[in-house]
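Good morning, and thank you for joining this group meeting.

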Amino acid sequence: MSPASLGCVLSAQQRIVVATQGRAEQSAEVLLEVDAEAVRLALVALGQTVARLSWDGLTLNQQRAAWAPEPLSGERVLSELQMAGWPLQAVQQALPPGWTMSADTNVRELRQAGELRLRVHYEANRVWSLDNPKQGYRLTIHTLTHSAEPTQTAALPFGSACR
């Protein structure tokens, strides 16, 4: 999805906690900046930069640390953040055929051919939980700092990153 489709200029620091069955939880910090031209993201774990990326809606530029585990990529984190934080209509328009996203006040569900692929639950205090039952993991995203300036006048849903 394009950076402009977020509907705001955003700067945020988030802590992401990854829980998978049978493994200890892992956490990383995400530094996120979004404006109409680009999404810029830095993923930091144990005080070291794991990945940096810039996405302009067409081209993804990413640098990853050689030691970074494959599942911990900036691209994957960006994808999860967009599914959870971009406006529902923008996500729905970007989905390929066979994929759908529905939402109510506190929950979004992404499905492929009717099968649940991702459930996002919006909790109080800017905490989002993303469950991926097919791949067996849960992300909990805690927004630590947040500054947003809307670029659109539409009402923002509860889960919007701009809120």
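This is a predicted model: local features need pLDDT of at least 70, side-chain atom pairs count only at pLDDT 80 or more; totals for chains, interfaces and linings use all residues.

**An aromatic pair and its surroundings**

The structure holds 1 aromatic pair. Rings of Phe, Tyr and Trp (its six-membered ring) count as a pair if their centres lie within 6.5 Å, with planes under 30 degrees apart called stacked, over 60 edge-to-face and the rest tilted. Here the partners are Tyr-122 and Trp-128, with ring centres 5.7 Å apart and planes at 85°, so the pair is edge-to-face. Tyr-122 is buried, at 4% relative accessibility, and Trp-128 is buried too, at 7%. Buried means under 20% relative accessible area, exposed over 50%, and partly exposed in between, with a 1.4 Å probe and protein chains only.

Residues are numbered from 1 along each chain as its sequence is written, and side-chain values use heavy atoms, with hydrogens and water left out.

How confident is the predictor? The term pLDDT is its confidence in each residue, from 0 to 100. The protein averages 87, and 93% of the residues score at least 70. Confidence is lowest in helix α1 (residues 74-85), at a mean of 85, and highest in strand β7 (residues 107-112), at 96. Helices (H or I, at least four residues) and strands (E, at least two) are DSSP runs, numbered from the N terminus.

Let us stay with α1. The helix has 12 residues and reaches 16 Å from its first C-alpha to its last, close to the 16 Å expected; the expected span is 1.5 Å times one less than the number of residues. Is α1 mostly covered or mostly uncovered? Mostly covered: 9 of its 12 residues are buried, including Val-77, Leu-78 and Leu-81.

The second largest pocket has a volume of about 430 Å³. Of the 18 residues that line this pocket, the closest to its centre are Ser-79, Glu-80, Met-83, Trp-99 and Leu-110. On a 1 Å grid over the protein atoms alone, a pocket is an open set of points where a 1.4 Å probe fits, with protein on both sides within 12 Å along at least five of seven lines, and lining residues have an atom within 4 Å of a point. Grid points are joined across faces, edges and corners, and the volume is the space filled by probe spheres set on the points. The largest share of the lining, 5 residues, comes from α1. Leu-110 is found in strand β7 and is buried, at 7% relative accessibility. Leu-110 and Asn-132 are 22 residues apart in sequence and 9.6 Å apart in space, C-alpha to C-alpha.

Finally, please turn to the loop between β8 and β9 (127-132), where Asn-125 is found. Phi of Asn-125 is near 60°, a positive value in a residue other than glycine. Arg-126 lies in the loop between β8 and β9 as well, and its phi is near 55°, also positive. Most residues other than glycine have a negative phi. Asn-125 is exposed, with a relative accessible area of 70%, whereas Arg-126 is partly exposed, at 37%.

Notes: pLDDT is the predictor's confidence in each residue, from 0 to 100.
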